[in-house]
Amino acid sequence: MAGPSCRQSRYIDDFMKAYSLFSLARNAMSYHRNWQRAWRSPDPKSKYDVVIIGGGGHGLATAYYLATQCGINNVAVIEKGWLGGGNTGRNTTIVRSNYLLDASAGMYEHAMKLWEGLSQELNYNVMFSQRGLLHLAHSVHDMQEIGRRGNAIHLNGIDSEFLTPEQVKEMLPIINLNCRYPVMGGLLQKRGGTARHDAVAWGYARGADAAGVDIIQNCEVRGVRVESNTVVGVETSRGFIGAGKVGSVAAGHSSVIAEMAGFKMPLECYPLQALVSEPIKPIIDCVVMSNGIHVYVSQSDKGELVVGSGSDAYNSYSQRGSFDLIEHTVGPLCELFPLFSRLRMLRQWAGIVDVTVDRSPILSKTPVKNLYFNCGWGTGGFKATPGSGHAFAHSIAAGEMNEIAAPFSIDRFNSGALIDEGAAAAVAH
């Protein structure tokens, strides 16, 4: 195994000094109020080479790779609230790459490979756990779907394994195979799993800051300044910030940013529901998904069951849950796992997902020169974080979308070269 790079060695040295036993003891005396901040909070400069709009995982990853791999460290990440306060902190932390179509498989497998070395790359534990992801089949149609998808995934070099009902039971002893939704088989990706969402944002923020990126929170974008059809900067709540290039990574608010620049994005926004239970002892050691009953569940390191649901049937920016979807989710979940019916649910929430007509993302140049958009991830954004940021950073630096990002151009909605993952990828979360 290769040793750490010079940059990683410096991070390791700084980490050991900052979090040594002496530092722990010293800060305990002040009730841990005087720890050195993990990243700076600078005032914005008058101009940057690149401004990234959006301080979630994708935006921070973009800035990190711009600074560490593309040689562009005069970069600002501007966030209207706090880092990771949007969809990065409002998801179910699932990571997988078992997508049907070639373009999707390329993007998500690229992300998976980066996930597998991300904690070492950032010298920050993002708690990536490859506990396996099992997709259940409940009907003949489901079995045909996982057969087609499993074989396509295998042809793309991505791990995929078919399970019989007996193998599912061996893997999940608490499951009820012969319930209202009989389990006829499953498709397992052993490399799939979960990661800690806020740790991902913090790790990228810490790494980007160490590489010279300015991370500016509480800085709302109020306008995009365009001159001669070229972006020159953004109007913010903290004044005008000039930019040679601007990358918008604003998730559900991407269409709002686009209108500020004078064009429209083919996006619709919906709340996506999720909830967690009270903590219990370890009982389920993989991620379980079912498209047939539209539920997915895993257990966090704290012992909570993290339960994903569907999206609302109407456009909204509300970040609250709704009881009808929760009932629709919890009922079938308790059919599959009767033991869960004894649990109390502690909290529920919704994240705002930005959805395209083909349920695939947009990584693209726009009608405005030097303005780039990364959006439309719908319900699949978290798992793509490293791959999205990496591909988008290299595309911004080069001025052209790279081979991984190129299929996701906004032009596909005119040409008809859609990447239709609406049903092909099973539950798209």
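Okay, helices α3 and α8. Helix α3 covers residues 57–69 and helix α8 covers residues 197–210, and their axes come within 9 Å and cross at roughly 30 degrees. Axes here are lines fitted to C-alpha atoms, for helices over the stretch in contact, with angles from 0 to 180 degrees between N-to-C directions. Helices (H or I, at least four residues) and strands (E, at least two) are DSSP runs, numbered from the N terminus.

Bear in mind that this is a predicted model: local features need pLDDT of at least 70, side-chain atom pairs count only at pLDDT 80 or more, and totals for chains, interfaces and linings use all residues. Residues are numbered from 1 along each chain as its sequence is written, and side-chain values use heavy atoms, with hydrogens and water left out.

So α3 and α8 are roughly parallel to each other; angles under 35 degrees count as roughly parallel, over 145 as roughly antiparallel, 65 to 115 as roughly perpendicular and the rest as oblique. Who touches whom? On α3 the contact is made by Gly57, Leu60, Ala61, Tyr64 and Tyr65, and on α8 by Ala201, Tyr204, Ala205, Gly207 and Ala208. Contact means heavy atoms within 4.5 Å. That contact of α3 with α8 divides into eight nonpolar, two polar and no charged residues. For the classes, Ala, Val, Leu, Ile, Met, Phe, Trp, Tyr, Cys and Pro are nonpolar, Asp, Glu, Lys and Arg are charged, and the others, Gly among them, are polar.

Now α3 and α11. Their axes come within 7 Å and cross at roughly 50 degrees, which makes α3 oblique to α11. From α3, the residues in this contact include Gly57, Ala61 and Tyr65, and from α11 they include Pro386, His390 and Phe392.

Among the α4 residues in the contact are His110 and Trp115, and α11 brings Gly387 and Ala391, among others. This contact of α4 with α11 has six nonpolar, five polar and no charged residues.

On to the sheet. Which strands are in it, and in what order? Eight strands form an open sheet, β5-β6-β4-β13-β14-β15-β12-β16, with mixed pairing; two strands pair if DSSP finds at least two bridges between them. β5 (161–163) and β16 (345–355) stand at the edges with a single partner strand each, so one side of each has no neighbour in the sheet. From one strand to the next, the twist averages 20 degrees.

Zooming in, strands β13 (residues 287–290) and β14 (residues 295–299) run antiparallel and are joined by three bridges. Met289 stands opposite Tyr296 in β14. Helix α10 (residues 323–336) lies across β4, β12, β14, β15 and β16, running at about 125 degrees to β15.

The whole structure has nine aromatic pairs, meaning rings of Phe, Tyr and Trp (its six-membered ring) with centres within 6.5 Å; planes under 30 degrees apart are stacked, over 60 edge-to-face, the rest tilted. One of the pairs is Phe263 with Phe373, edge-to-face at 5.7 Å centre to centre and 70 degrees between the planes.
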